[in-house]
Amino acid sequence: MLHVTNIYDFFSGTSDSEDCLIMMAHATIYVGCTVPQLLRGAQSWIFPSHSPLGVLRHSAFCYCTGNGTIKSKRKMDHLERTANNFRQEVITQAKVCGITNESETVKRLRLAIANKDFTFKAGQWVDFFIPGVSVVGGFSICSSPGLLQREGILELAVKHTAHPPAHWIHTECTLDSEVALRVGDLHGYQEGKGNRHKLGTAKLYYSAKNTSELLFKKNILGLMKAFPGKISCCFHVTQQRSQICKELQPHITEGRISEKDLEKHVSNDTSWYICGPPPMIESISKLLTNIGVPRNRVFFEKWW
């Protein structure tokens, strides 16, 4: 299974970054409820008026009219763009319990989850509600479901942009800041239909401007060592100026991910996952069509 993704756009939802990632893996499409259904059914007890998160009720409800139709005079934001995507019903409060710099432009948030019924599956993302910020963010989850089960912790990696939620995370968010989260699902060409595959090998293509912006590279190298023959990665850099460390050198290619890189993986058993800004998704989707990949084998996140 092959996954093409822009890892930074897990984070901001409004990035013009050129970074992207490709990975061979198998996945399932999960379904839940749509935004209008969820917002109509949400109860006031989720965010008690005496709670600092009470103001989030406005963020959650201001996007729908009486009949559930989303309208806006502004440029479409995250909730509007993903109105037809599926959400879980559970909205949980969360407290920031850790903030670290993954790179010069990306912060990792560690969030303590209050609701024991809150769950997610690998590859899903969250609606991110911030007290006092009317714009709702959309960020991919970068930690595993196992970490949530063991420690009640969820992690996000967010790139610094002018988008209000990302800007808040980089300029105002502190330890013990309180937010709220709701899980959303992946979108694919086969909406609403489950696809279950036996796990085979995973091939990751991951591109960034330079090696300092290759987030989680140590984790990826660790997985490659732990699962030889099952997980492999090719890092691409497009504007590298400094010397590449010896550990990364065998896995680095200079230049963008190309058709030549991808066509050798085309088979009936390969699924492709794309994540990134709209131009990147459109470009890679077209490329995959050109090399003979069926549309029903291509999946992508559609929450930017």
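Lys-107 has Val-158 of strand 8 as its bridge partner. This pairing belongs to an antiparallel arrangement in which 7 bridges join strand 5 to strand 8. The model is a predicted one.

**Salt bridges**

The structure holds 7 salt bridges. Three of them are listed below with the separation of nitrogen and oxygen.

| Salt bridge | N to O separation |
|---|---|
| Glu-102 and Arg-108 | 2.8 Å |
| Arg-110 and Glu-151 | 2.9 Å |
| Arg-182 and Asp-127 | 2.8 Å |

The bridge between Arg-110 and Glu-151 links distant parts of the chain: Arg-110 lies in strand 5 (residues 106–113) and Glu-151 in helix 4 (residues 145–151), 41 residues apart. Arg-110 is partly exposed, with a relative accessible area of 27%. Glu-151 is also classed as partly exposed, at 45% relative accessibility.

The bridge between Arg-182 and Asp-127 likewise connects distant parts of the chain, with Arg-182 in strand 9 (residues 178–184) and Asp-127 in strand 6 (residues 125–130), 55 residues apart. Both Arg-182 and Asp-127 are buried.

Through shared partners, salt bridges join Glu-102, Arg-108, Arg-110, Glu-151 and Glu-155 into one network. Within this group, Glu-102 is partly exposed at 25% relative accessibility, whereas Arg-108 is buried at 17%.

**Nonpolar cores**

Which residues touch the most other members of the largest nonpolar core? In this set of 25 residues they are Leu-111, Phe-128, Leu-154, Leu-156 and Leu-181. The elements that give two or more residues to the core are strand 4 (86–101), strand 5, strand 6, strand 7 (133–140), strand 8, helix 5 (164–171) and strand 9.

Leu-111 illustrates how these parts meet. With neighbours within four places in sequence left aside, the contacts of Leu-111 include Ala-94, Lys-95, Val-96 and Cys-97. Leu-111 is also in contact with Phe-128, Gly-152, Ile-153, Leu-154, Leu-156, Val-179 and Leu-181. Another core, of 17 residues, lies apart from the largest one; among its members are Ala-208, Met-224, Val-237 and Leu-248.

**Helix 6**

Met-224 is also one of the buried residues of helix 6 (residues 217–226), together with Ile-220 and Leu-221. The buried residues of helix 6 pack against strand 11 (202–208) and strand 12 (231–237).

**Cysteines**

How many disulfides does a search of the whole structure find? The count is 0. A disulfide is a covalent bond between the sulfur atoms of two cysteines. For Cys-234, the closest cysteine sulfur belongs to Cys-233 and is 6.9 Å away, so the two are too far apart for a bond. Cys-234 is buried, with a relative accessible area of 11%, and Cys-142 is partly exposed at 25% relative accessibility.

**Loop residues with positive phi**

Asp-176 is not a glycine, yet has a positive phi of about 75 degrees. Asp-176 is placed in the loop between helix 5 and strand 9, and is exposed at 52% relative accessibility.

Phe-216, another residue other than glycine, has a positive phi near 60 degrees. Phe-216 is found in the loop between strand 11 and helix 6. Is Phe-216 buried or exposed? With a relative accessible area of 14%, Phe-216 counts as buried, because the cut-off for that class is under 20%.

Conventions
Residues numbered from 1 in each chain as written. Predicted model: local features only at pLDDT ≥ 70, side-chain atom pairs only at ≥ 80, totals over all residues. Heavy atoms only, no water. Salt bridge = Lys/Arg side-chain N within 4 Å of Asp/Glu carboxyl O. Buried < 20%, exposed > 50% of the residue type's maximum accessible area, 1.4 Å probe, protein only. Helix = DSSP H or I, 4+ residues; strand = E, 2+ residues; numbered from the N terminus. Pairing = 2+ DSSP bridges. Disulfide = S-S within 2.5 Å. Contact = heavy atoms within 4.5 Å. Core = buried A, V, L, I, M, F, W, Y, C linked by side-chain atoms within 4.5 Å.
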